[in-house]
Amino acid sequence: MCGIVGYVGHQSAGPILLEGLQRLEYRGYDSSGIAVIDRDGALAVMKREGKLRDLQAAIQQMPSGATGIGHTRWATHGQPSDRNAHPHASSSGDVIVVQNGIVENYRELRAELQDQLDAEGRSWHSDTDTEVIPELISKELIAGRSFEDALAYAVGRLRGANAIAAAHRGDPDRIYAARKGSAGGIVIGYGDGEMFVASDLPALLPHTTTVYHLEDGDIAVIDDRSVRIRQENRTSFQPTPVQVDLDPVAIARGPYRHFMLKEIHEQPRALSDTIRGRARLEPPSALADDLELPIETLRSIQRVLVIGMGTSLHAAMIGRWWIEQVAGIPADFDNASEFRFRAPLLGPSTLVVAVTQSGETIDTLGAMNHVRQHWGAPQVAVTNVEGSEATRQADASIILRCGPEVGVASTKTFVGSLAALYLLACRIGHAQGRLSPHVLTDRLEQLLTAPSLVERGIQRAERCAEIAQRFGTASNFLVLGRGIEYPLAMEAALKCKEISYVHAEGYAAGEMKHGPIALLDQEFPVIALAPRGPLFDKMTSAIQQVSARRAPVIAIGDEGDKDLSELVDHFIGVPPAPPLLTPFSLTPVIQLLAYQIALTRGLDIDQPRNLAKTVTVE
Ligand code: F6R
């Protein structure tokens, strides 16, 4: 959700922190702030409501210091404003803290700390939950504890999941970081006589690829040359950093106007990379070296449950379809945030597949935790982030190879997740002897065409722009699909909502006549996903019903489908795909339509209002 950065070294911290925040801005962007401390312990804090560019202008006036922390915020408690922006200082002015997550018991802690504030004649200076943290630390410092002990105490008092960076005027050569629960990661970057802290790798990559990820319960004490980790049981150790293999160029926007557009264009490559070496034809095998689940487990699976949120939930819905159709075993999908709170019955021999591109989504992690605690069922994480919390919770992971996704709207990780789920369906079906070598070969050969289906879908960009010009001002869209295209209709509607701010509903076409049809008139465009396939005729019946209400129909169907193009008002042709693979041919077009509509409306596509890339709060 929020982005955290920290620096301790020999350079001026302000510009380094600001650059790090720019690389994390996708995590939150309603306000931001930076605090720096110089060698003599002088502290300067600069905070601004709005985008980082507003802070950028302000920090020109800031005194320099070689130690500091920064934050880009996605508001949870208290509206976006200068006063609610992080860093937050203790009332004593000595301690500064930035946080990602939620302090669930902040009311209780505020009440407890109130006496101290009253005695000092001070009051809270923000509406945030975070402000209790510097206050708790400060209270312990006054009581004579070291900063490290005071921070450990404060973290121990918090309920919820929190990632924290902190610094202290009395200790200007160090910064501190802490991780509690699954509030998103904290990663430490090792430089030459300087150290960096960030909630995500993109902020570190321009400086170093030598990193250490904090574990749940870790507190890191960081100076310009070393890191010491203190664990909950008070033992300490010097961590061994690892090298990450990520190209800083991959996170640059290049010639594209938006990251989202760049990432849509990167999809063929993301897909080929994700599939590479995992779909072998001679002899046929899927995920042969990539799924660390014992063969006995794969053979004993009687049911698969695929969970996720948002776009990942839509991938899960399609994955369910493939597991039934390709692997031939019962499968279901669920919204992770609902799943765990309804005391679900998993039954024996269920495999749970958690789809989460970030590997940090708290709803999905909560569901995985529920599965582990109550059912002990085997779990597979499908994620783009190696080492993310989802991979730690799962028994096995399928890591997408999409490269970093910066645009807030998920695009390439959606198609990457689809490829991973299709491969998993093949793997399970093969392990259970339900797919003959011949059929498996056929399935895998089809999957290998997916990158080119996507590539050809992307070539429809101009047509999408024309349609967007025509309908860019519409207030509503209904998106219809059937079968495997139904989740895509929901994904299309989600993309329209999140980046174009247009009300859109994704519906199963058969459901339309049971209510939504009442909405339709000539001002209410309907997007119909209608490639040729077993349900094509039923889809065209739904289109006829829409046209009879004079609602304009935009159909996305097979290139050259004359019957369909003559039936509807507007037509976008995509390459014909085998019936199970239509998600790959249709996805780029639904993404580009939403993108182009947002463009015609002049919206901030990479940083849509109210959203954040990684949702680490409930
Ligand atoms: C939509 C979008 C969100 C995410 C959802 C789950 O474009 O990005 O709906 O799909 O927040 O995120 P992950 O996949 O990281 O679990």
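Let's start past a helix: Asn610 sits in the segment that follows helix H20 (582-600). Keep in mind that this is a predicted model.

**Positive phi away from glycine**
- Asn610 has a phi near 70 degrees, which is positive even though the residue is something other than glycine.
- Arg550 is another non-glycine residue with a positive phi, here about 65 degrees.
- You'll find Arg550 in the loop that runs between helix H18 (536-548) and strand E26 (553-558).
- With 57% relative accessibility, Arg550 counts as exposed.

**Cis peptide bonds**
- His86 and Pro87 are joined by a cis peptide bond, with omega at about 0 degrees.
- Look for Pro87 in the loop between strands E4 (67-73) and E5 (88-89).
- From Glu282 to Pro283 the peptide bond is cis, and omega is near -10 degrees.
- Pro283 belongs to the loop between strand E16 (279-281) and strand E17 (284-286).

**Helices H3 and H4**
- Helix H3 (residues 106-119) packs with helix H4 (residues 132-142) at an angle of about 45 degrees, and their axes are 10 Å apart.
- That angle is why H3 is described as oblique to H4.
- The crossing of H3 past H4 is left-handed.
- On the H3 side, the contact residues include Leu109, Leu113 and Leu117, while Val132, Leu136 and Ile142 are among those from H4.
- Sorted by class, this contact has 7 nonpolar, 4 charged and 2 polar residues.

Key
Residues are numbered from 1 along each chain as its sequence is written. This is a predicted model: local features need pLDDT of at least 70, side-chain atom pairs count only at pLDDT 80 or more; totals for chains, interfaces and linings use all residues. Side-chain values use heavy atoms; hydrogens and water are left out. Axes are lines fitted to C-alpha atoms, for helices over the stretch in contact, and angles run from 0 to 180 degrees between N-to-C directions. Helices (H or I, at least four residues) and strands (E, at least two) are DSSP runs, numbered from the N terminus. Angles under 35 degrees count as roughly parallel, over 145 as roughly antiparallel, 65 to 115 as roughly perpendicular and the rest as oblique. A crossing is left-handed if the near helix is turned anticlockwise from the far one by less than a right angle, and right-handed if clockwise. Contact means heavy atoms within 4.5 Å. Ala, Val, Leu, Ile, Met, Phe, Trp, Tyr, Cys and Pro count as nonpolar, Asp, Glu, Lys and Arg as charged, and the others, Gly among them, as polar. Buried means under 20% relative accessible area, exposed over 50%, partly exposed in between (1.4 Å probe, protein chains only).
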